[in-house]
Amino acid sequence: MGRLGSAILFVVGVMVYTGASFAHVEQLYLLVAAAVIGAYMAMNIGANDVANNVGPAVGSYALTLTGAIVIAAIFEAGGAIIAGGDVVSTVKKGIIDPADVPDKDVFIWVMMGALIGAALWLNAATWLGAPVSTTHSIVGGVMGAGIAAAGWDVVNWDSMGKIALSWVVSPVTGGIIAAMFLFFLKKTIFFKSDPVEAARKVVPFMIGIMAWAFTTYIVLKGIKKLVKVDFTNAILIGLVVGLAAIVIVRPMINKAAPKLENNRNGVNQLFTVPLIISAALLSFAHGANDVANAVGPLAGVVDALTNAEGGSSKVAIPLWVMVIGAIGISVGLALFGPKLIRTVGSEITELDRSRAFCIALAAAITVIIASQLGMPISSTHVALGAVFGVGFLREFLETRLGKVIEDVLHHHEGEKDFALAEQVLMTFQNAPPEDKQRILDELKKMGPDAVIDAAERRQLQKALKRQLVHRSSLLKIVSAWIITVPVSAFLAALFYFVLRGMMLP
C-alpha cells in the first residue's frame, strides 16, 4: 500500500503541474489525461526494463539491491534529462505515418490508446515477473491503435518485419557474444593452476575492452543530443579510452593480486568496480534512449493540442515532458523494480561477477553492432539473451565434465583403486561445475576401498547434468516476448475505441 500510495502521489503531482501550466489549452482535460498516462508508462518502464541494466550486478553481489536502485535511478534520470529526446519521432520506429491520420483528435486518441495499451501490458508483465521490451510494447500499441483508427494499410510493415527479426537476432547475438567472453575467461584464467596470476595478466585487457565498448556505446547512443559523432570517430575515441584504462588498471590489479584468494572467488573480486561502472553507464544510455518510449507519444499529444496545425511526425520533446519521463522511470524502479531485478539477476541462472561482466560487455557490443547495421533491437532482449548464453555455456561445460567423470568411474568400477580415481578427478580442480568440491568430498569419504555401484553412479551423473538455466524462466520470458506486440496492439486498439466512443458526440 505504501508503494501504491507513493505512485499515486507522483501521478497526482503530474496532474496538478500539467493543469496549472496549460490552463489556456482548449482541451486541457486531454492533455492532463495524456500526461497521467505518460507518467504511468514511465513508472512501468522503470519497474520492468531497468532491471536488465542492474540485475546481473545485483545477482553477482557486486551491488546491493538498494545500491543498484540508487545508481540506476540517478543515471536513468540523468541520461533522460541531459542526453535524451533531442528530436524524437512521436510514432516510435516509424510504425505509422501521422499523415495517414489527418484528423487531430483521432491522432490524439491513437497516441493515448497506444500509451495505455503498452503501459497495461508492461504492468502485467512486471506482475508476472517477465522482463519484456518496452520498445516493442509501445510499437505494438502504436500499431494496434493506428490500425483501429485508419486500417491495416496505415502500418509500415517493413519496419514491423525488422522488429520481428530482432526478436531472434537480439538475444541470439547477445548470448553468443557473452558465452564467447565467458569461455575465454575460463580458458585463460579459471582453468589455470594459478588463476590469480593468470587474472593479473588478462583482466586489465578485459577491462580495456570494456572501456572501449562502453565509451563507444555512450558516444553513439548516450550523448547524441549533446554532440554528433560518427561511428569511426566513436570507435577511435573508445580505443583511446580503452588503452588508457589498461594503463591505469594494470598497476592497481598488480597491487591487489597478492591479497586475493587463489581461486575463482578471489578472481571475481577484480570485476566488482567494472560491474558497478557498467551498471551506471547502461542506465545512463537507457535513460537517454528509452525515455522516449514513455514520453514520445505524450509529446505528440502536446504538439497536437498546442500546435494549430496539428501533430507532426517529429517533434522536439519539451523539457517538462522529459522530466516526467525521467522521474517516472526512477519512481517505478524504486517502488516496483526489485522483483524484476531479482528475476534477471538470480532466477534465470546463477551469476558470479565474471559472468555478469561478460553479460554487460556483450550487451554494449551487441547494441554497437546493431546500431552500425541499422537494425532495430531491444536492449532487454540483448541483455537477457546474454544471461541465457552464459547459463547454457555452463550447462554445456558441466555436462561434458560429467561424461568424463562417468568414464573414469566406469573404468575403475569393481576395483579398489579409488584413491587413484580421486587423483584423476583432482585434475579437474579448475573445471566449471560449482558442485565439484562436494563430489570430491564424497569420494574421500568412500575411501580407497569403496565400490560405487550403478545407482550411485547414476545419481552422480544426474547431479552433474542438472539444468543450470531454469527452463520455467526461459519459457515464461520467451512466451512474453512473443506476445508483447500483439497483446499491446490489442489493448491499444481496445482503448482507442473506448476513447473514441467517449469523445464522439
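I began with Ala-179, which I found in helix α7, residues 157-190. Helices here are DSSP runs of H or I with at least four residues, strands are runs of E with at least two, and both are numbered from the N terminus. I noted that this is a predicted model, in which local features need pLDDT of at least 70 and side-chain atom pairs count only at pLDDT 80 or more, while totals for chains, interfaces and linings use all residues. Residues are numbered from 1 along each chain as its sequence is written, and side-chain values use heavy atoms, with hydrogens and water left out.

**Helix α7**

Is Ala-179 buried or exposed? Ala-179 counts as buried, because its relative accessibility is 17%. The cut-offs are under 20% relative accessible area for buried, over 50% for exposed, and partly exposed in between, with a 1.4 Å probe and protein chains only. I then looked up what Ala-179 touches, not counting residues up to four places away in sequence, and found Gly-389 and Leu-393. A contact here means heavy atoms within 4.5 Å. I also checked Arg-355, which is 176 residues from Ala-179 along the chain; the two C-alpha atoms are separated by 8.9 Å.

Ser-170 is also placed in helix α7.

**Helix α5**

I moved to Thr-126, in helix α5, residues 104-128. Thr-126 is buried, because its relative accessible area is 7%. Which side chain makes a polar contact with that of Thr-126? I found Asn-48, at 3.1 Å. A polar contact is a pair of N or O atoms within 3.5 Å; within protein, one must be able to donate a hydrogen and the other to accept it, and residues adjacent in sequence count only if both atoms are side-chain atoms. Leaving aside neighbours within four places in sequence, the contacts of Thr-126 are Asn-44, Ala-47, Asn-48, Phe-336, Lys-339 and Leu-340.

**Helices α12 and α13**

Phe-336 is in α12 and Lys-339 is in α13, and I looked at this helix pair next. Helix α12 covers residues 319-336 and helix α13 covers residues 338-347; they pack at an angle of about 75°, with axes 6 Å apart. Axes are lines fitted to C-alpha atoms, for helices over the stretch in contact, and angles run from 0 to 180 degrees between N-to-C directions. I therefore wrote down α12 and α13 as roughly perpendicular to each other. That term covers 65 to 115 degrees; under 35 is roughly parallel, over 145 roughly antiparallel, and the rest oblique. On the α12 side I found Leu-333, Ala-334, Leu-335 and Phe-336, which meet Pro-338, Lys-339 and Ile-341 in α13. The residues of this contact divide into six nonpolar, no polar and one charged. Ala, Val, Leu, Ile, Met, Phe, Trp, Tyr, Cys and Pro count as nonpolar, Asp, Glu, Lys and Arg as charged, and the others, Gly among them, as polar.

I found Tyr-61 in the loop between α3 (51-59) and α4 (65-83). Tyr-61 is exposed, because its relative accessible area is 66%. I noted a positive phi of about 65° for Tyr-61, although it is not a glycine. Gly-79 lies in α4 and is buried, with a relative accessible area of 0%.

**Whole chain**

Of its 505 residues, 57% count as buried.
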